[in-house]
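Let's walk through a protein model together, one piece at a time. Keep the picture in view as you read.

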Amino acid sequence: MKYFHLKKIIYRNVAKLGGTHIRSLLSRGIKQIGIGFIAAMGTGIILGILLRLIMKIVAVVYPNLSTGFTFQGTLLLIIIGIGSALAFSTLFIFCRKYLPRNWFIGGFLYGLIILCIFSYPFFTEENGELNGPQKPLGIFLFSFLFIIGGIILSKFVMIAEKWIEKEIAHIKYCYIAFYILIVPCLFFVFALLKELIEGYFLR
C-alpha cells in the first residue's frame, strides 16, 4: 500500500516538473517572439519608406513607367513592410543563435540568406513590377533592401532586448505584442510560403 502511495506521489511530482518545464519553455518562446515583433514594427516602417524610395528612384530613371504616388499607396507599402518584417522576425529569432553575435554581421548574413531564398520567385515573377527595362535596376535596389532589412531588424532586436532587460515590468510588452501580432504574422508567413511554393514548384 505504501509502495503505491509513494509511486503516486512520484508520478504527480514528475508531472508537475514536466508541466513547469513546458510552461517555462512556452513563456520563453513567447517572450522571444514578442521581442522580434516589437523590433519588426520599427523595421517594417523603415522598409515601407525604403520601398517607396526605391519606386521613386525607378520612376526618376524610367519616367514613362511612373504611375504616380499617393498617400494610400505609401501606407500600403508600410503595411507590407511591417507584415514582411513580422514574418522574417520570427525566423530571425529562431536562427539567431546560429548567426554571428555582432548585430551588423549577423543581420547582414540573415538578409543575405533571405535574399537567396526569395530572390528567384520574387525576381522571376511573370507579371511582377520588375518586368521590363527597369528590371536590372529593380533587382539591384531590391537586393539591397533585403540585406538592409536584415541589418535593421538585427539592430532593432538588440535594442528591444536591452530595453526589456532594463526593467522586469517591460516583459509584459512582449506578451502584448505576441498576442496582438501573431495572427497578422501568420497571415504574412502563409503568403510568403505560398509565394515560395508557386515560385519554385508551380511555374
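Helix α2 passes helix α3 in a right-handed crossing (the near helix is turned clockwise from the far one by less than a right angle). The residues touching here, with heavy atoms within 4.5 Å, are Phe88, Leu91, Phe92 and Cys95 from α2, and Tyr110, Ile114 and Phe118 from α3. By class, this contact has 7 nonpolar residues, with no polar and no charged ones (Ala, Val, Leu, Ile, Met, Phe, Trp, Tyr, Cys and Pro count as nonpolar, Asp, Glu, Lys and Arg as charged, and the others, Gly among them, as polar).

Please bear in mind that this is a predicted model: local features need pLDDT of at least 70 and side-chain atom pairs 80 or more, while totals for chains, interfaces and linings use all residues. Residues are numbered from 1 along each chain as its sequence is written, and side-chain values use heavy atoms, leaving out hydrogens and water.

Now find Leu196 in helix α5, residues 171-201. Is Leu196 buried or exposed? Leu196 is buried, because its relative accessible area is 15% (buried means under 20%, exposed over 50%, partly exposed in between, with a 1.4 Å probe and protein chains only). Leu196 touches Ile117, Phe118 and Pro121, leaving aside residues up to four places away in sequence.

Finally, look for the salt bridge (a side-chain nitrogen of Lys or Arg within 4 Å of a carboxyl oxygen of Asp or Glu). Arg96 and Glu161 form one, at 2.7 Å from N to O. Arg96 is in the loop between α2 and α3 and Glu161 is in helix α4, so the pair ties together parts 65 residues apart in sequence.

Terms used. Helix = DSSP H or I, 4+ residues; strand = E, 2+ residues; numbered from the N terminus.
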